[in-house]
Amino acid sequence: MKEITYDELKALEKDSYVLIDIRDEGLVSYGMISGAINIYLEDIDVSPELLAIPKNKKLIFYCEIGRMSREIDDSIECLADRDCYSLAEGYVGYIRSGMRSDEDKEEKKTRAEKSIQKKFHKQLFSPFARACKTYKLIEDGDHIAVCISGGKDSMLMAKLFQEIQRHRQMEFELTFLVMDPGYNKENRALIESNAEALGIPITIFESTIFDTVDTIEKSPCYLCARMRRGYLYSKAKELGCNKIALGHHYDDVIETILMGMLHGAQIQTMMPKLHSTNFEGMELIRPLYLVRESDICAWRDYNELHFLQCACHFTDTCTTCHEDGTTSSKRLETKRLIAELKKSNPFVESNIFRSVENVNLDTVIEYKQNGVRHNFLDEY
């Protein structure tokens with residue numbers, strides 16, 4: 001398929017083409033190019049939405065980095081007589097193009113902060129503060145390493161930490177920690193640009209994790225996630241921190257609960273805080289624990305922010321890029337299941353969340369505590 005660059009696209013008349021995002025909903029949830037429609041790659045040849053596009057309009061397909069859209073067979077029946085293009089560098093190229101804009105970064109920072117204080121205060125700051133108080137995530141004297149991957153969740157978490165620190169109800173220090181596991185220069189520049197625009201003073205350190213897992217055939221992203229966690233603990237401790245903060249949110253929690261049951265034959269949850277078993281005196285906290293992902297997306301879109309989901313070279317085909325090493329395909333499957341259940345039960349999400357707060361051990365056949373298995377027959 002012919003390629004078109006983003007600069008060439010901007011030179012076209014807007015009504016002369018239609019942008020078609022062929023990524024799955026996991027990637028689309030991180031953002032789309034303005035005005036694009038979403039048609040999954042596997043649905044192109046049967047999509048009524050595509051067939052309804054006037055023949056005189058150019059069809060410009062894009063994926064995450066431009067690889068999959070470039071390989072679309074434009075000789076298939078529904079495209080054979082159409083003027084089709086692949087957007088070079090895909091969505092990532094679109095994001096990078098924004099780094100070259102002359103927008104006033106101070107204005108962008110002010111808008112993002114005011115939106116947290118006003119428009120999204122109830123949806124974002126209130127549940128963030130409530131989680132910190134309910135689970136005692138922040139204490140006087142803490143030095144917290146706010147771990148930033150460059151995605152929407154961790155960037156928002158950093159801004160919420162700045163906001164709660166301004167309230168001065170407790171004295172604590174923050175270090176905004178970014179690990180470069182081997183990003184290419186453009187992806188690292190994007191993280192640095194977003195951090196600068198949002199007024200987040202990041203501390204970057206480097207590792208060779210991407211090179212290490214590059215030759216791993218089975219579950220490279222699971223190993224990558226585990227290694228990143230260890231490197232973050234180690235660097236945070238070196239910098240004098242006693243806690244690391246990760247950006248897992250409410251939806252991550254309920255999906256993890258359900259996935260554990262359906263795929264792992266176990267009942268467990270993603271805890272709001274954990275003591276490290278390998279780094280003495282260190283603790284992991286999750287202050288977005290009560291924040292909904294849809295509200296994070298709404299904040300991102302309102303402020304016209306663009307983040308990468310994953311900056312490794314597996315981005316376009318990766319199915320295991322989630323922070324905890326679980327597959328995004330299984331998470332998507334679980335998201336769809338929860339959405340389907342919600343149609344008949346609007347309380348299904350909160351019920352899943354609360355289920356691990358209401359465990360009745362009198363009705364549990366077996367459970368484990370501190371690695372020891374207990375059976376109901378032991379005390380029957």
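In what sense do strand 6 and strand 9 pair, and over how many bridges? I looked this up in a predicted model. Strand 6 and strand 9 (residues 243-245) pair in the parallel sense, over three bridges. In that pairing I find Val-146 opposite Ala-245 of strand 9.

**Entry: strand 6, other partner**

I then checked strand 7 (residues 173-180). Strand 6 (residues 143-147) pairs with strand 7 in the parallel sense as well, over five bridges. Here Val-146 stands opposite Phe-176. I followed the chain between these two strands: from strand 6 the path goes through helix 8 to strand 7, and this β-α-β crossover is right-handed.

**Entry: strand 6, burial**

I asked how many residues of strand 6 are buried. The count is five of five, and I noted the strand as mostly covered. I sorted the residues by face, because side chains in a regular strand alternate between the two faces of the sheet.

**Entry: hairpin of strands 12 and 13**

I turned to strand 12 (residues 366-369) and strand 13 (residues 372-375), which pair in the antiparallel sense over four bridges. Lys-368 is placed opposite Arg-373 of strand 13. The two strands form a hairpin with two residues between them. In the turn, I noted that Asn-370 has a positive phi of about 55°.

**Entry: aromatic pairs**

I searched the whole structure for aromatic pairs and got ten. One of them is Tyr-91 with Tyr-94, a tilted pair with 5.7 Å centre to centre and 40° between the planes. Both residues belong to helix 5 (residues 90-98) and are three residues apart, about one turn of the helix. I have both Tyr-91 and Tyr-94 down as buried.

Why is the pair of Phe-128 and Phe-161 edge-to-face? The ring centres are 5.3 Å apart and the planes are at 85°, so the pair gets that label; planes over 60 degrees apart count as edge-to-face. I also checked where the two rings sit in the chain. Phe-128 is in helix 7 (residues 121-134) and Phe-161 is in helix 8 (residues 152-166), 33 residues apart, and the pair links distant parts of the chain. Phe-128 and Phe-161 are both buried.

I also recorded a cluster, in which ring pairs link Tyr-135, Tyr-250, Tyr-289 and Phe-353.

**Entry: lysines over rings**

I noted Lys-2 over the face of Tyr-85, at 4.5 Å from the ring centre. I also noted Lys-119 over the face of Phe-120, at 5.7 Å from the ring centre.

**Entry: Asn-38**

I located Asn-38 in strand 3 (residues 37-38). Is Asn-38 buried, exposed or partly exposed? Its relative accessibility is 27%, so I count Asn-38 as partly exposed; buried would need a value under 20%.

Leaving out residues up to four places away in sequence, I find Asn-38 touching Asp-21, Ile-22, Arg-23, Val-28, Met-32 and Glu-49. For two of these names I looked up polar contacts. A polar atom of the Asn-38 side chain lies 2.7 Å from the backbone oxygen of Asp-21. The Asn-38 side chain also reaches the backbone oxygen of Arg-23, at 3.2 Å. The C-alpha atoms of Asn-38 and Arg-23 are separated by 7.4 Å, and the two residues are 15 residues apart along the chain.

Definitions and conventions:
Residues are numbered from 1 along each chain as its sequence is written. This is a predicted model: local features need pLDDT of at least 70, side-chain atom pairs count only at pLDDT 80 or more; totals for chains, interfaces and linings use all residues. Side-chain values use heavy atoms; hydrogens and water are left out. Two strands pair if DSSP finds at least two bridges between them. Rings of Phe, Tyr and Trp (its six-membered ring) pair if their centres lie within 6.5 Å; planes under 30 degrees apart count as stacked, over 60 as edge-to-face and the rest as tilted. Buried means under 20% relative accessible area, exposed over 50%, partly exposed in between (1.4 Å probe, protein chains only). A charge sits over a ring if NZ of Lys or CZ of Arg is within 6 Å of the ring centre and within 35 degrees of the ring normal. Contact means heavy atoms within 4.5 Å. A polar contact is a pair of N or O atoms within 3.5 Å; within protein, one must be able to donate a hydrogen and the other to accept it, and residues adjacent in sequence count only if both atoms are side-chain atoms. A crossover is right-handed if, with the strands pointing away from the viewer, the path from the first strand over the helix to the second runs clockwise.
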